[in-house]
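Keep the structure open as you read.

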Amino acid sequence: MSEGNPTKRRGDEGSADNNEGSNALVLKKPRKDEIVVATDSSSKALSAVNRTSNLQAPIMLLTGHQAEVFSVKFSPLSGKHLASASADKTIMLWNVYGDCESYYVLRGHNGSILEVQWSTDEGYVFSASVDKTVGVWDTETGARLKRCKGHTNFVNSCCPSRRGIQYIVSGSDDCSAKIWDVRARNATATFRTQYPTTAVCFSDQADLVYTAGIDNCIKVWDVRKQQILRVMEGHTDTITGLRLSPDGYNLISNSMDDTVRMWDVRPWCPGSRELGTFQGISHNSEKTLLKVNWSPDGSKISAGSADRLVYIWDSQSKKILYRLPGHIGAVNEVDFHPLEPIIASASTDKNIYLGEIRY
């Protein structure tokens, strides 16, 4: 059983001084042997910016991965930490405040890691990998606690349950989704489809599982009966990401048809379950599994896009609020901080950006 490689003991640094900066409004995470000195002009520039968060600078650049970064997530309670997953076969855990240093590099997967998730209590990190496994990691020690084996092809997606017993659902190119109990050796349930599963998500109570794949539709499964309750259709190409709203009433999906769609997933729904379409994103020939996320209050959604831009929409009006440049490769995921107006973006350019927005 492989353990994480600690590069720095985990720290819970507090908020940084808003006037602290470097010689640009974008601060690159300094190397251990690198000292970034603030100049008078840069300090004045930073102090003139109307800050909205406790980041050290309005935009922070995190470097360290040696290949594409496919997934990024803030720790869901405190927001003090960030997890990122990469094609370099590692998960990196970062401090969000201060210099945004990485304090663990988690090694053990034998292939690219396509998605990373935190448990609700921040005690675990879960990972989905092309090595056909799901990883369960201890965030305090960096050790891998469990290697969930059972899929026979790439694992594209994973999602933890929000409450109660800790379950993880995973979706694979082997045309199945599986539920894992962190206390059990094998999968506790398997949902088989005709096509590869590219995205999965639990319902709020974890009594339902949502799966999507290259057949362009979202299937809703009853966990207890292991049967399909309904199928939601509307996309015209592969669905690459699913995410449940904070209140558990709505689901959003990202697709290679260059749209994000919102769905009503309440048990009883008057009228159509499709609530609207968000335009702007693009996919390309790389066929990357671009993710989608909600803001903590459900007022905004974000999505990855192949045009190198970060997209954020108003969830009610469907209007684009932000279309942010900076990356030089496809943006694979954009996540919202749980407490502050901060977003994190992960890209095929190997970089991660943290940036302030306005709520």
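## The largest cavity

Thr-193, Tyr-195, Pro-196, Thr-197, Thr-211, Ala-212, Gly-213, Asp-215 and Lys-219 line the largest cavity. Here a cavity is a set of points on a 1 Å grid over the protein atoms alone where a 1.4 Å probe fits but cannot get out, and lining residues have an atom within 4 Å of a point. By class, the lining holds three nonpolar, four polar and two charged residues (Ala, Val, Leu, Ile, Met, Phe, Trp, Tyr, Cys and Pro count as nonpolar, Asp, Glu, Lys and Arg as charged, and the others, Gly among them, as polar). Strand S17 (residues 208-213) contributes the most to this lining, with three residues.

How much space lies in the largest cavity? About 50 Å³, where a volume is the space filled by probe spheres set on the points, and points are joined across faces, edges and corners. The count comes to one cavity of 30 Å³ or more.

## About the model

This is a predicted model, in which local features need pLDDT of at least 70 and side-chain atom pairs count only at pLDDT 80 or more, while totals for chains, interfaces and linings use all residues. Residues are numbered from 1 along each chain as its sequence is written, and side-chain values use heavy atoms, with hydrogens and water left out.

## Strand S9 and its partners

Strands are DSSP runs of E with at least two residues, numbered from the N terminus, and two of them pair if DSSP finds at least two bridges between them. Strand S8 (residues 113-118) runs antiparallel to S9, joined by five bridges; Val-116 has Ser-127 in S9 as its bridge partner. Five residues separate S8 and S9 in their hairpin, and Glu-122 in the turn has a positive phi of about 70 degrees.

S9 also pairs with strand S10 (residues 133-138), again antiparallel and over five bridges, with Phe-126 opposite Val-136 in S10. This hairpin has three residues between its strands, and Lys-132 in the turn shows a positive phi of about 80 degrees.

Is S9 enclosed or open? Five of the six residues of strand S9 (residues 124-129) are buried, so S9 is largely enclosed by the rest of the structure (buried means under 20% relative accessible area with a 1.4 Å probe, protein chains only).

## A four-stranded sheet

Further along, four strands make an open sheet in the order S20-S21-S22-S23, with antiparallel pairing. Its edge strands, S20 (239-244) and S23 (274-279), each pair on one side only. Within the sheet, S21 (residues 250-255) and S22 (residues 259-264) pair over six bridges, and Leu-251 has Trp-263 in S22 as its bridge partner.

Key. Buried means under 20% relative accessible area, exposed over 50%, partly exposed in between (1.4 Å probe, protein chains only). On a 1 Å grid over the protein atoms alone, a cavity is a set of points where a 1.4 Å probe fits but cannot get out, and a pocket is an open set with protein on both sides within 12 Å along at least five of seven lines; lining residues have an atom within 4 Å of a point.
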